[in-house]
Every structure is written in C-alpha cells, then in structure tokens.
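Hi everyone, thanks for making time today. Let me put the structure up and we'll walk through it together.

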Amino acid sequence: MNTSIDFIGDVHGHCAELRFLLGKLGYEEVSGAFRYPGGARTVVFLGDYIDRGNESREAVNLVRAMRDAGSAIPLLGNHEFNALSFWQENGKGGHYIKSIPGGYLREHSFNKVAIHTKTVAAYKGRQAEFFEALDFFKTLPFYLETELFRAQHACFDASCVAELRAQHIRSFADGNFEELIARANDLRYEYADSLFHPIDMLLKGPEVNLPAGMTFRDGEGVLRKRTRLAWWINPEGKQLHELSFQPGVQLPPCTEPFKLPHQGFYGESERPVFFGHYWLTGLPQLIRRNVCCLDYSVGGYRGDGHLVAYRFDGEQTLDASKFVWVDANRNG
Ligand SMILES: [Mn+2]
C-alpha cells in the first residue's frame with residue numbers, strides 16, 4: 001500500500017467540490033476514474049458520501065469508481081450505515097430488535113426521513129442503482145490501520161477495534177449481512193452478540209446525555225440532548241464542558257457526574273489518526289500533532305464550509321501546511 005495518502009473528509013453529496021479538490025491534489029480522470037499519475041498516491045475517504053448536498057449519486061459513483069480502479073480506499077460513514085439500516089427490515093437475519101419501533105432497523109421518524117430524503121431524491125427513477133449503492137456501502141471497512149496511521153469515520157478506540165478484529169469483522173460484507181447489520185443496531189444489548197458499541201464508537205464516537213434540561217441545536221438545527229466527546233483528551237479530573245466537542249457550541253460549566261461511554265483516550269505519542277464527522281467550521285487546523293479531523297462542513301446549511309484533504313507522506317508529526325481544501329459551492 002502507498003504510504004503517500006490523501007485523506008478526504010465528509011463529502012455529503014457535494015460532488016462538484018470533490019472533483020475540484022481531486023484536481024487540485026493532482027488526480028486525473030482516466031477511463032472513468034480519478035487516479036494519481038503513476039499510481040503514486042492513494043485517497044482514503046473517511047465516509048459520509050451521501051445526504052445534505054444534491055449530488056449524492058454522483059459522489060457515490062465517483063468514490064466507487066476510484067475504489068474499483070485501486071486509486072482510493074473508501075471507509076464507511078454513519079450516513080451510509082444509516083442508509084443501510086433505514087431500508088433493512090427488523091427481524092431479518094435471526095435478530096429482532098424489540099427496542100426499535102417501526103419495522104425497520106432505522107426508525108422512519110421525521111428527522112431521519114428528512115436527512116435521508118436528499119439521497120433518495122438523487123436516485124429518483126434509478127431505484128436499482130440506489131440498491132447497488134447500498135451493496136457498495138456493505139463492503140466499506142469500518143476502519144483502516146497501518147503502522148503509520150489510523151483512520152475511521154469518527155473515533156478510534158483500541159478496545160472496539162480489537163473486539164471487531166477478534167471476530168474478523170471489518171465491514172458488513174464479512175459474514176451474513178442481515179445478521180451483522182441487526183447486531184450493529186442492537187443498542188440495548190438484547191442479544192449477547194450485539195455489535196452496537198464498537199461500530200457506534202467507530203462511526204459516531206462517544207456521546208453522553210446532557211444534564212437534565214440542557215439542550216442545544218446542532219449544525220442542521222436539530223435540538224440535541226446529548227453531546228459528542230473529545231476522545232483524544234485524558235478525561236481524568238475533567239468536567240463535561242471541558243470534554244464536550246460540539247463545534248460552535250460552548251456548553252456552560254456543568255459539574256454533575258457523568259459516565260464516560262469509552263475507555264481510555266488517544267494518547268499524544270500514538271500514530272496519527274484521521275477522521276471526519278465533527279462538523280468543524282472555519283479554516284482547517286490540526287487538533288493536535290497526531291489528531292486530524294477533516295470534516296469542515298461542506299454540506300453545512302450555511303454554505304460556508306470546506307471540503308478538506310490532508311496530504312500525508314508517513315510523517316508522525318502532522319504539519320498544518322499539508323491541508324488542501326476547496327470552498328463549498330465552488331467547482332472550478
Ligand atoms: Mn458527516
């Protein structure tokens with residue numbers, strides 16, 4: 001595998017910006033797929049190709065063509081996991097999850113339908129192609145780890161990766177899909193073989209309930225009663241507002257005790273870790289010398305986000321001058 005890798009964050013149906021970014025990185029479209037000249041570099045996509053923008057279908061096709069050409073390794077995002085679960089009938093694969101209402105593994109509630117609708121609309125009149133896209137999502141790995149880096153959509157947690165690795169599960173294609181997707185959605189551990197925790201941590205990261213009565217609105221205006229946590233900070237002695245990682249939202253100091261959903265934290269001497277998911281705003285910057293989030297909200301409703309790449313060459317101390325990005329709604 002190449003050690004020269006361009007990590008790219010959440011695309012969210014913004015395919016024009018993706019094409020522009022790949023061009024800026026030096027990739028050329030040859031025989032239907034973007035490739036780096038001489039195959040000298042590889043893209044690792046960090047997940048979330050669909051929803052929010054108008055070009056989910058085009059984004060999926062571009063990413064899949066690169067995967068098939070060997071010029072990219074796309075990982076699974078929580079939006080692809082949601083799409084798979086949205087269309088999966090509860091009870092298939094021998095696991096019926098009692099705590100999920102509505103007959104499917106993802107409830108067809110107003111907010112969830114609203115988020116998924118853009119993607120379905122992008123495939124209007126092309127239903128067969130939509131289900132081919134879902135088949136593609138089934139094959140996408142939950143994480144990627146080499147001696148030089150780690151990458152996943154949201155959070156690296158060593159115990160979660162170890163749990164999946166022990167069962168030889170890297171994607172929903174590693175076994176019976178219907179069984180695996182049900183186990184991944186078994187959030188109350190109704191079955192002893194639930195995979196909810198490891199997959200939820202990799203794709204969504206740790207979250208905790210806010211103290212009673214505290215809420216905020218997220219990047220799409222949805223009212224939230226939970227907050228995401230910075231899993232690279234040692235939580236010892238920290239209070240919730242110091243660990244909350246919800247860009248654009250500053251929680252007031254809250255000293256109530258809370259239970260961490262993760263063990264451990266990502267240490268300062270570990271290999272670099274790349275991820276998306278967190279809706280950052282402003283211009284790209286490193287979180288830490290070995291912690292790099294590449295989601296700069298290209299799909300954000302304000303329209304002022306960026307689609308961001310980090311140009312990695314194996315360095316163990318990341319360098320902020322290696323970010324490359326394009327502005328949302330800019331395509332040339
Ligand atoms: Mn995302």
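So, Ala-309 has Val-324 in β16 as its bridge partner. On another side of the pairing, Ile-8 stands opposite Ala-309. Before I go on: this is a predicted model, where local features need pLDDT of at least 70, side-chain atom pairs count only at pLDDT 80 or more, and totals for chains, interfaces and linings use all residues. Residues are numbered from 1 along each chain as its sequence is written.

Ala-309 sits in β15, and strands here are DSSP E runs of at least two residues, numbered from the N terminus. Pairing needs at least two DSSP bridges between two strands. β15 runs antiparallel to β16 (residues 323–327), with 5 bridges, and antiparallel to β1 (residues 5–8), with 4 bridges. Strand β14 (residues 295–296) also pairs with β15 in the antiparallel sense, over 2 bridges; there, Asp-295 partners Leu-307.

Is β15 buried or exposed? Buried means 20 or more other C-beta atoms within 10 Å of a residue's own, exposed means 12 or fewer, and partly exposed is in between, with C-beta atoms placed from the backbone. In β15 (residues 306–312), 6 of the 7 residues are buried, so the strand is largely enclosed by the rest of the structure.

Now to Phe-274. Leaving out residues up to four places away in sequence, Phe-274 touches several residues, including Phe-7, Leu-46 and Tyr-310; contact means backbone-placed C-beta atoms within 7 Å.

Finally, a friendly contrast: Gly-26, in the loop between α1 (15–24) and β2 (28–30), is partly exposed because it has 14 C-beta neighbours inside 10 Å.

Note on methods. Contact = placed C-beta atoms within 7 Å.
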